[in-house]
Protein chains: 2
Amino acid sequence: MAIVTPAGTDSLVTAVESVPLTQLPARGIPVPSSVSPAARAIIGAPRPEPLVYPPLDDVAGWKTLVASQDAGVAAMLGAWPVDAAVTVEDVDVDGVRVYRVTPPEAPDGRVYLDLHGGALILGGGEICRAMAVRTAAQVGARVWSVDYRMPPDHPYPAPLDDCFAVYRALLREYRPEQIVVGGGSAGGNLAVAMLLRARDAGLPLPVALVLTTPEVDLTESGDSFQTNLGLDPVIQGSLMAVNLLYAAGRDLADPALSPLFGDFTKGFPPTLLTTGTRDMFLSNTVRMHRALRSAGIAADLHVLEAAGHGGFLGMAPEDADLDREVRAFVDAHWSG
Amino acid sequence: MAIVTPAGTDSLVTAVESVPLTQLPARGIPVPSSVSPAARAIIGAPRPEPLVYPPLDDVAGWKTLVASQDAGVAAMLGAWPVDAAVTVEDVDVDGVRVYRVTPPEAPDGRVYLDLHGGALILGGGEICRAMAVRTAAQVGARVWSVDYRMPPDHPYPAPLDDCFAVYRALLREYRPEQIVVGGGSAGGNLAVAMLLRARDAGLPLPVALVLTTPEVDLTESGDSFQTNLGLDPVIQGSLMAVNLLYAAGRDLADPALSPLFGDFTKGFPPTLLTTGTRDMFLSNTVRMHRALRSAGIAADLHVLEAAGHGGFLGMAPEDADLDREVRAFVDAHWSG
């Protein structure tokens, strides 16, 4: 999905005026020859028109934005082939809507708790459901995907509360060593924040965690928010308006909102992290990796050449390469 | 050391004219708040004047360039404290000058074969010797550092021949499981090319390999050669003139010159790779990592936030963080 700043290049102008330390001339960046033709097509595609975000208190405006963005993604997902042998149950788990996906021949004793992406406002409902089916095929296991509540009606802490409630419920049905947690983008934020809360609440941690280009710093302090501006084919500007909508007045730097700033020295699961060199969340991802490594946590980093946020949207062989990494990682941890 | 294109922004103009696919406006990139004050000082420091490379056949011009660049680095290294308890022997190993460094209490049965950086023309002699002492402290082991011949007098294959000769000699004194090979920048090129040659010659491989921001693609096909142009505080332009000097008419894409394009499926040692998000060799490094992983080789990637080529030149806590990763990696592999 395309998510763009309201202000377009205004954020660039602000940067120039405040700390003009590295001046770059106007330039055209060629599509590199170092990636597959499918990846080149994505990198070279025309960028969508910038979104305009409504004021924070314009609830109707936000709902219109969410509906139109989700409709675009849902139309794309509708074209995906669906394996008829997969079962999907819509269930209520302690008050939270969860999609339970069981692929054919899913092994017993393995479950993947999936927290969807979408900038903390998008990707719920049918999109969450469709993505869960895809995730189940990727990881070759049962998936529980949380259709957590979101802004504008349900800002922090409602989304995190929902994820936490489902994790707690999952622990009643599975042992910790049977559970892998995964989150992409905004789901990566919730996954890390949820596990920090679980750990601090004395709950056991899952056997492993998968973070795909995670939005772990809502303050957007990472360098790639500037350096990859205009280069990422997917995220084309600051998401600060959405972050503020989610925070609803809370401090964005609170580790519950920006879990990059959490304390990982008290324990955290082995983690696989993925990003791309053009990803606006490149800094988020590499900083999260270093935070885990500095705390002594096993953590594997994989970076796709020239890929933006979300890799190449599942349409390039490079994505399949990362899928294999994820599959090997979760298999190794589920196998003990 | 500062290595800059002869043409300055001309390479940008060329890019614009050939494939103008992603247009970026002129902008100022602020020094990020996401790194240490020491790192911020390096990122925000004024960039040196661009170098002007001589024509390929101007041997005297190249020698003058090398001498002046090396003198600057040597002056900087002269200020480093030297541990008097370290012994350094200048030895001839099958016709190649090698510095053998023994730090105090170096364990027996561990040796680190170090191939120095410097764009394949710089960093020999006293610089190589001083860097070897530093490497020995980093890895806590004996170091053999190869003062390989270089252009303009000795282009490919002389530098690689020298490294290969020393590796072969090292195998007479140490078992493969006692040997770790390391190379940074141009030394990373030689390290990978040397091990591909060794493997294809039927020699045993070392227990592990360390590649710090390796120059494994002399064709410079990676995306970061464009995207990080002007952002990397150390490498400020294409090194193509030097690459052509080294190649002396050979095909730059030959895996012996650009070992990224080698075949790693026939075996390669476990490898640790480091780079930074502003590194001109970011693409080199992540592509090398993916090439190894795709071939089923154990390979760990570490990426420093906002760091250019060579991290923060050993002057920031972020460098110490990577040093700890390298130390843990080599210790784990030496310990079997």
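## Helix α5 of chain B

Helix α5 of chain B covers residues 158–173. At 1.5 Å a residue, its 16 residues should span 22 Å, and its end C-alpha atoms are 23 Å apart, which agrees. The expected span is 1.5 Å times one less than the number of residues. Helices (H or I, at least four residues) and strands (E, at least two) are DSSP runs, numbered from the N terminus.

This is a predicted model, in which local features need pLDDT of at least 70, side-chain atom pairs count only at pLDDT 80 or more, and totals for chains, interfaces and linings use all residues. Residues are numbered from 1 along each chain as its sequence is written, while chains are lettered from A and ligands numbered from 1 in the order in which they are written.

The buried residues of α5(B) are B:Pro159, B:Leu160, B:Asp162, B:Cys163, B:Phe164, B:Val166, B:Tyr167 and B:Leu170. A residue is buried if 20 or more other C-beta atoms lie within 10 Å of its own, exposed if 12 or fewer, and partly exposed in between, with C-beta atoms placed from the backbone. These buried residues pack against several elements of chain B, including β3 (87–93), β4 (96–102) and α6 (186–200).

## The sheet of chain B

Chain B has an open sheet of eight strands in the order β3-β4-β6-β5-β7-β8-β9-β10, with mixed pairing. Two strands pair if DSSP finds at least two bridges between them. Strands β3 and β10 of chain B stand at the edges with a single partner strand each, so one side of each is left without a neighbour in the sheet. From one strand to the next, the twist averages 20°. Axes are lines fitted to C-alpha atoms, for helices over the stretch in contact, and angles run from 0 to 180 degrees between N-to-C directions.

β4(B) and β6(B) run antiparallel and are joined by four bridges. Here B:Arg100 stands opposite B:Trp144 in β6(B). Helix α4 (residues 126–139) of chain B packs on the sheet, touching β3, β4, β5, β6 and β7 of chain B, and its direction makes about 150° with that of β6(B). α10(B) lies across β7, β8 (208–212), β9 and β10 of chain B, at about 165° to β8(B).

Is β10(B) enclosed or open? Six of its six residues are buried, so β10(B) is largely enclosed by the rest of the structure. In a regular strand the side chains alternate between the two faces of the sheet. On one side of β10(B) are B:Ala299, B:Leu301 and B:Val303, on the other B:Asp300, B:His302 and B:Leu304, and all are buried.

Strand β9 (residues 271–276) of chain B runs parallel to β10(B), and six bridges join them. The bridge partner of B:Leu272 in β10(B) is B:Asp300.

## Part of the sheet of chain A

In chain A, strand β8 (residues 208–212) runs parallel to strand β9 (residues 271–276), with four bridges between them. A:Val210 has A:Leu272 in β9(A) as its bridge partner. Helix α9 (residues 282–294) of chain A lies across β8, β9 and β10 of chain A, running at about 155° to β9(A).

A:Val326 is in helix α10 (residues 317–334) of chain A. A:Val326 has 19 C-beta neighbours inside 10 Å and so counts as partly exposed. Leaving out residues up to four places away in sequence, A:Val326 touches A:Gln138, A:Val139, A:Val210 and A:Leu272. Two residues are in contact if their C-beta atoms, placed from the backbone, lie within 7 Å. A:Val326 and A:Val139 are 187 residues apart along the chain, and their C-alpha atoms are separated by 7.3 Å.

## How the two chains meet

A rotation of 180° with 0.0 Å of shift along its axis superposes chain B on chain A, with an RMSD of 0.0 Å. The two copies are thus related as by a two-fold rotation axis. Copies are superposed by least squares on the C-alpha atoms of residues with pLDDT of at least 70 in both. Of the residues of chain B, B:Ala26 comes closest to the axis, at 1.9 Å (C-alpha).

The contact takes 46 residues from chain B and 46 residues from chain A. On the side of chain B that touches chain A, α9(B) gives the most, with seven residues. Strand β1 (residues 22–24) of chain A pairs with β2(B) in the antiparallel sense over three bridges. A:Gln23 stands opposite B:Gly28 in β2(B).
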